[in-house]
Amino acid sequence: MTGIGEMFLAAFLQALFQTLVSEPFRSFFKRRELNENLLERLSTALLTITAVLIDAEEKQITNPVVEKWVNELRDVVYHAEDALDDIATEALRLNIGAESSSSNRLRQLRGRMSLGDFLDGNSEHLETRLEKVTIRLERLASQRNILGLKELTAMIPKQRLPTTSLVDESEVFGRDDDKDEIMRFLIPENGKDNGITVVAIVGIGGVGKTTLSQLLYNDQHVRSYFGTKVWAHVSEEFDVFKITKKVYESVTSRPCEFTDLDVLQVKLKERLTGTGLPFLLVLDDLWNENFADWDLLRQPFIHAAQGSQILVTTRSQRVASIMCAVHVHNLQPLSDGDCWSLFMKTVFGNQEPCLNREIGDLAERIVHKCRGLPLAVKTLGGVLRFEGKVIEWERVLSSRIWDLPADKSNLLPVLRVSYYYLPAHLKRCFAYCSIFPKGHAFEKDKVVLLWMAEGFLQQTRSSKNLEELGNEYFSELESRSLLQKTKTRYIMHDFINELAQFASGEFSSKFEDGCKLQVSERTRYLSYLRDNYAEPMEFEALREVKFLRTFLPLSLTNSSRSCCLDQMVSEKLLPTLTRLRVLSLSHYKIARLPPDFFKNISHARFLDLSRTELEKLPKSLCYMYNLQTLLLSYCSSLKELPTDISNLINLRYLDLIGTKLRQMPRRFGRLKSLQTLTTFFVSASDGSRISELGGLHDLHGKLKIVELQRVVDVADAAEANLNSKKHLREIDFVWRTGSSSSENNTNPHRTQNEAEVFEKLRPHRHIEKLAIERYKGRRFPDWLSDPSFSRIVCIRLRECQYCTSLPSLGQLPCLKELHISGMVGLQSIGRKFYFSDQQLRDQDQQPFRSLETLRFDNLPDWQEWLDVRVTRGDLFPSLKKLFILRCPELTGTLPTFLPSLISLHIYKCGLLDFQPDHHEYSYRNLQTLSIKSSCDTLVKFPLNHFANLDKLEVDQCTSLYSLELSNEHLRGPNALRNLRINDCQNLQLLPKLNALPQNLQVTITNCRYLRQPMEQQPQYHHPQFHLPRSNVSGSPKSHGSHRSYDSRSSSRYD
């Protein structure tokens, strides 16, 4: 039952072979005369085995003896990798020790220990281990003839039954909406498209892509629209000549006698252009991702009649992209209801279903198990066809895809094709994903880090870093429909999960669904749901697992709830797992770990201690020289990092979000491999200064720099060299209120120094997001206004209390979001906000031409917002959302011309003059308007000034007297839908309307003068209008709960 093997193992063997032929190992073998044949023997065995792996891949599926042979081979390769990793780790330790030595003389004596030097001193131990590996490999190589394994140079595509265009529509459920959606593109309502276009149906294997295309192919409208229809089942073998020949024979209705592709394509082109009628070509089950092949195939169709279409079904998004599909229909699984109908049809045919309670319950669970996959429903239903024994239904419910009878199920072969044709580098990555329990939603970035820790990402022929390669691998698996995206995470369909388990075999195990753990000495990867397993007896089975590489507790809910770690695991199990490469103790209630806890886990590349209660980390952590990923996020009690963490020179990812750290340890800049550093805490004296960032050239993503008030030396800021970090996309600059008098000093000299320091912290021009928080200088740096920052899309300025003016941000060409809050000293916003000093004379350019969201919040001294005229275009031409919140001193009016504004929110701005009847506001696209505790001068509100207003909220507008609304404003597609008025004590007049529209929802509370006017207008007695009696007089109860109704409610006005 193990895996599907060859390419999977080929990736293993390739990495192993590259290590063995590296220069240090070759030198070692040359120097050891007694073992000079060992390398040759080992290489010969590897090459011999590699030659028959392709044949072994196929035969192990049906031949248990070959399966056992493959399992043995995988186990040997794991042991070989462990042996070589031991050597490399020890050499790394010696090198780090030499570099860290405090004695110059000792450093000179020891020098830099090379791998070859270490091998000389430990050759006997290495000889023994490699000799054992070689003997096992030679034994396996000698068995190839006994097992009948042959040397093959390429995989032979598995022959599968071809599909046809015929379909039994009585067995199709739940695809009407999908059919209608695709039909809009096959037969456009606005006439025929020029030339031929491609429509693609993409989805996981077995989801019903072929069935849907058959429905479309046989639809009556399709028959009458297209002059010629051709169905071609392509599958894995993309033969341009065969496909073209099939199309020609269908078009001409006679056999094709041409043997030359050029002649054939010319004749087909003449035939297609000669009819003048559009044709439909269905290419079912397309796999080929080679653009050149597709480009050659499409040549005869380029000049086909207008309206001609090619409909493609594929599991790969990349295929759809290569074919330039005008519409890609991502086919989703069926609902449980439609699956139930299909299941009943499959099990009972046209007979009336006869289910007792027990079988009925089992049937529901089996249907749910299929997770909307029609092929799975039909397969399991076919196995149970007219079956009346409960025990058989229970067996099917508990079975996995490889347990189903081969003569009754094609589910595994269909799904296995997706794995079979994966490139070598993806097979190991996909098989590793079997470690995730069914239904577990996982994060892309974390999966990439796990792959990296296990050594699956190979940079042999790529200049990309490991993280970029991992993202590329992940995207490839997603494009092949093996991974599916939810809103923020990814999941695997249950049967794809079983396929991954099938590929991984006995080397991967997981606790799920309360099942008893099944592991063996060969198990390398282990996961479990920490919420479900905590008792000692449940971990006893792990005692025999000696070579585990992954120990990964997970949670289906992805909650932040913590669990208690079993003592047996922490004290007896983990210390024995010396081969671990991935270790997670996340979400466990661990306050401390023994100082030597990590002493024997030197192979680890991934360590997750996030959301634990650790106050400090064990010193032994600093001896994990291979460590690449260290996750400490939301360790809310963690106050310091180990002094020697700088020894972790292979560290690439360090997450410190949500900790209580106040500084970084000394020599932090030695961690030159870092790709992701979430937070850097500037140290005051006994830690790392900001200049330590200077050597971290490869930082990617987001960096938050905290405690910037501690930077007093401008030279230190310059040495941080942020301008050279071209891969950073987001930086947060954070000052804090220091505890020392020097950090609290706000004298002019100090604030001037802050400005000089900040000027030296200029980031690279590729930066996309910036946040500046509690900055203590009196002016912002000049670089913040530089238009060369052409990629900045978001800026946040928070609590910069000493700045009395905003930076000139109007000429940042791609700025889309601007958030300004807590700036106590800000009093006026004028021309400088839009143009820098050099540009004041030339106002031809549109300021803020890309800005879509502008938010002002908690600006207690802001008094005026000056309008600016520009020579060309508009001010804020793209602004869609405007928030003005808690600005009590703001007077004057808002910009009058905001052509793209959709949403306007005004809160606690009492002095703001917003009167549509006095000022001509051109907000023609405004849909949402909210005015709360603001605009004290607003007396009359004419809604007809905002023709597209969908939602209006008016709350505590003390002077509002009347609301004007025309009947025309309540009709049509852009009519008002929601009106909410609360606590407007002077509101007396509502519009006199003939009738309220059915889809308008109205809520009015605590408006004491409205009762009599309301009672005089019968249309306001409709149930959709709500005016609580207790609120009419403005009684204290008026702020209590109330209900509102819409036109669909059956409740009556009370």
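Modeller: The discussion below treats strands, then an annotated repeat, then cysteines. This is a predicted model, in which local features need pLDDT of at least 70 and side-chain atom pairs count only at pLDDT 80 or more, while totals for chains, interfaces and linings use all residues. Residues are numbered from 1 along each chain as its sequence is written, and side-chain values use heavy atoms, with hydrogens and water left out.

Biologist: Which strands does β19 pair with, and in which sense?

Modeller: Strands (E, at least two residues) are DSSP runs numbered from the N terminus, as are helices (H or I, at least four residues). Two strands pair if DSSP finds at least two bridges between them. Here β18 (residues 728-734) pairs with β19 in the parallel sense over 5 bridges, and Ile731 stands opposite Leu770 of β19. β19 also pairs with β20 (residues 794-798), again parallel and over 5 bridges; Lys769 has Cys794 in β20 as its bridge partner.

Biologist: Is β19 mostly covered or uncovered?

Modeller: A residue is buried under 20% relative accessible area, exposed over 50%, and partly exposed in between (1.4 Å probe, protein chains only). Of the 5 residues in β19 (769-773), 4 are buried, and the strand is mostly covered.

Biologist: What does the UniProt record annotate as "repeat: LRR"?

Modeller: UniProt positions are given in the numbering used here, feature names are shortened, and annotations may be inferred rather than shown by experiment. The UniProt annotation covers several segments, including residues 603-624 and 626-648. Residues 603-624 are 0% helix and 14% strand, with end C-alpha atoms 7 Å apart. Residues 626-648 are 0% helix and 13% strand, and their end C-alpha atoms are 7 Å apart.

Biologist: How many disulfides does the structure hold?

Modeller: A disulfide is a covalent bond between the sulfur atoms of two cysteines. The criterion is a pair of cysteine sulfur atoms within 2.5 Å. The structure holds 0 disulfides. Cys370, for instance, is in none, and the nearest cysteine sulfur, that of Cys339, is 6.5 Å away. Cys370 is buried, at a relative accessible area of 0%.
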